[in-house]
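Try each task before you read its solution.

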Amino acid sequence: MECVIETKASMILQFIDGLGGDVRVTFEDGTGAAWLYDLLKPHVSEVLVCNPRKNALLKDGSKSDRIDARKLAELLRGNHLKPVYHGEHGLRTLKELARSYLTRNKDVTRVMNRLKALYRSWGIVCAGKEVNAPRHRAEWLGRISEAGVRRRAEHTYQQLDVLRLLRQQVRRDLLLEGKKHKAWRLLRLIPGLARSGRLCCSR
C-alpha cells in the first residue's frame, strides 16, 4: 500500500492508527526527524531514523520520493538500516543550543560582511576587523558623507550589537548545559580545546 500524507501530526497519527498490527517505521534523517520520531514512537513498534548516504540501495537507479520510500521499506524489512538517531532526550537540549550558537555565529558574520560591503560600495576601503569594532565606530561612520547611507550603517551596527549580545547569551546557556554531561569532563582534558571558549562550539 502506498499513500501520500500531509505533514500534520493529526493526519500522520490517523494513518498510523488505521494500519493496526505490528507497525515499524523508517525515514531519513533531516530537519523534522526529531519531531517525527517523538510523534510516532508511542504509536508504533519501532521507529528507525536512518542516514540515506549509508544506504547503497538508495543510490542506485532512478530517484523520486516514491521510489526512495519503497527502497527504505525494503531495507527496513531486511534489517539493513542503521539508525542515526535514537530519541535521546538527554542530549536534545545540548544539540539545540549548539545549533543556536552556530546560527548566531553565522548571523554575526553576515552582518559584519554587510557592513563592509556598504563601505566598499561607497569607495571606502575597509580591510581587517577595525570597521566592526565598537571603539572605532564613530571614526568609520564619519567617513560616510551621505546622510542616508550613514543612517543605514548605524542601523546595521545596532543589529550587530544585538546579535553579539544574543550570541553571548546563547554561549552561556550552551556552556551551562554542556557541563551537565559526562563528556564535558573528558573534553576538558584535551589540550587547547577548552581554552578561549573553543569547547562550547565544538561539534
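**Exercise 1. Find which residues lie nearest the centre of the largest pocket, and which element gives the largest share of its lining.**

Step 1. Know what you are looking at: this is a predicted model, where local features need pLDDT of at least 70, side-chain atom pairs count only at pLDDT 80 or more, and totals for chains, interfaces and linings use all residues. Residues are numbered from 1 along each chain as its sequence is written, and side-chain values use heavy atoms, with hydrogens and water left out.

Step 2. Take the definition: on a 1 Å grid over the protein atoms alone, a pocket is an open set of points where a 1.4 Å probe fits, with protein on both sides within 12 Å along at least five of seven lines, and lining residues have an atom within 4 Å of a point.

Step 3. The lining holds 35 residues, and nearest the centre are Cys3, Phe15, Val25, Thr26 and Ala69. Two or more residues each come from helix 1 (9-19), strand 1 (24-28), helix 2 (33-40) and helix 4 (65-77); helices (H or I, at least four residues) and strands (E, at least two) are DSSP runs, numbered from the N terminus. Helix 4 gives the largest share, ten residues.

**Exercise 2. Work out which residues of helix 1 are buried and which are exposed.**

Step 1. Apply the cut-offs for relative accessible area: buried is under 20%, exposed over 50%, and partly exposed in between (1.4 Å probe, protein chains only).

Step 2. Ile12, Leu13 and Ile16 are buried. These three lie on the same side of helix 1 because they cover an arc of only 95 degrees around the axis, taken from the directions from the helix axis to the C-beta atoms.

Step 3. Now turn to the other side of helix 1, where Gln14 and Gly18 are exposed.

Step 4. The buried residues pack against strand 1 and helix 2, with contact meaning heavy atoms within 4.5 Å.

**Exercise 3. Explain what the salt bridge of Glu46 and Arg24 ties together.**

Step 1. A salt bridge is a side-chain nitrogen of Lys or Arg within 4 Å of a carboxyl oxygen of Asp or Glu. The count by this rule is nine.

Step 2. Glu46 and Arg24 meet at 2.7 Å, N to O. Glu46 lies in strand 2 (residues 46-50) and Arg24 in strand 1, so the pair ties together parts 22 residues apart in sequence.

Step 3. Check accessibility: Glu46 is partly exposed at 27%, and Arg24 is partly exposed at 33%.
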